[in-house]
Amino acid sequence: MAGRAEFSAQTLLVLAALCAEPREWLHGYGIARDTGLKSGSLYPILIRLADRGLVEARWEEGQPAGRPRRHLYRLTSEGLASAEAALASTPVQARAGAGGRGGRRVVRGVRWAE
Amino acid sequence: MLAGLPRRLTRLMPAERRAWAEALWAEAGQVPAGLARLRWRAGGVRLVAREALLPRRIGRAILFAAAAAVAVWAAWPGSSASFATPGVRGYVITMVLLLAGLPLLAIARITPGPAAAAGAGPVSAGWAGMANLLITAAS
């Protein structure tokens, strides 16, 4: 089982965002908005999580009008278990990067200032 | 020309990683135009650079280890009867350990961040030292 020490603070933010709606497929920009991470930080994290089998990815089905197809992500069952274990042992507050919206969000017990 | 740049950059990545960069480029249109979109795309360039250079970094490490082995083999004094032999052996071992250790130390001290760039100086110094060792051994 994954513990807190296995994940960086930024990775925990991504896990928390994915954990908020574990059944839903999320896209990269949405996760970036939720976490305040920049694309150059977010995607390497997603890649590492996918390499470890904690995140699964797929392309959006069909061709949406007016925009390219999106790559979608969600936690695998193993990823969900690891994320919940890691988030449960996380210090209450983690600070997201410079981006993001104002206010404060709480996702599955992980709270961060934006 | 600029429109095709992301696709060209993506080709620098290993084939199994390209979908990730394509995903990032595909999302760029959803990011508000202006600085935010520019930053998003800059992140894509960073991702490509990171993923394209990582396998090469591993290759360089193997090359470095092979060069170190050759340097030791070439510089190792043949006769233990020589007065200077223990000192020379000590010099060879110290030099190789130093050359191998400096880049690792630089990366360990500076990670996370642009570790590769920060480690480039010690790595270059290591290669120079290795060349120096080989020239010294040959002379």
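The following questions and answers go through a predicted model, chain by chain and element by element.

Residues are numbered from 1 along each chain as its sequence is written, with chains lettered from A and ligands numbered from 1 in the order in which they are written. Because the model is predicted, local features need pLDDT of at least 70 and side-chain atom pairs count only at pLDDT 80 or more, while totals for chains, interfaces and linings use all residues.

Student: What is the mean pLDDT of chain A?
Tutor: pLDDT is the predictor's confidence in each residue, from 0 to 100. In chain A, 75% of the residues reach 70 or more. Over residues 94-109 of chain A the value is below 50. The mean for chain A is 80.

Student: Which pattern does chain A follow along the sequence?
Tutor: Helices (H or I, at least four residues) and strands (E, at least two) are DSSP runs, numbered from the N terminus. Chain A has four helices and five strands. Read along the sequence, the pattern is α-β-α-α-β-β-α-β-β.

Student: In what order do the three strands of the open sheet in chain A stand?
Tutor: Two strands pair if DSSP finds at least two bridges between them. β1(A) pairs with β3(A), residues 71-75, over two bridges, and β2(A) pairs with β3(A) over five bridges. The edge strands, each pairing on one side only, are β1 (26-27) and β2 (55-59) of chain A. The pairing is antiparallel and the order is β1-β3-β2.

Student: Which residue of β3(A) does A:Leu26 stand opposite?
Tutor: β1(A) and β3(A) pair in the antiparallel sense. Across that pairing, the residue opposite A:Leu26 is A:Tyr73.

Student: At roughly what angle do the axes of α1(A) and α3(A) cross?
Tutor: Axes are lines fitted to C-alpha atoms, for helices over the stretch in contact, and angles run from 0 to 180 degrees between N-to-C directions. The axes of α1(A), residues 9-20, and α3(A) come within 10 Å. The crossing angle is roughly 75°.

Student: Which element gives the most to the side of chain A that touches chain B?
Tutor: Two residues are in contact if their C-beta atoms, placed from the backbone, lie within 7 Å. By that rule 14 residues of chain A are in contact with 17 residues of chain B. The elements giving two or more residues to this side of chain A are α2 (28-35) and α3 (39-51). With five residues, the one that gives the most is α3(A).

Student: Why is α2(B) largely enclosed by the rest of the structure?
Tutor: Helix α2(B) covers residues 18-27. Its buried residues include B:Trp20, B:Leu24 and B:Trp25.

Conventions. Buried ≥ 20, exposed ≤ 12 C-beta atoms within 10 Å, placed from the backbone.
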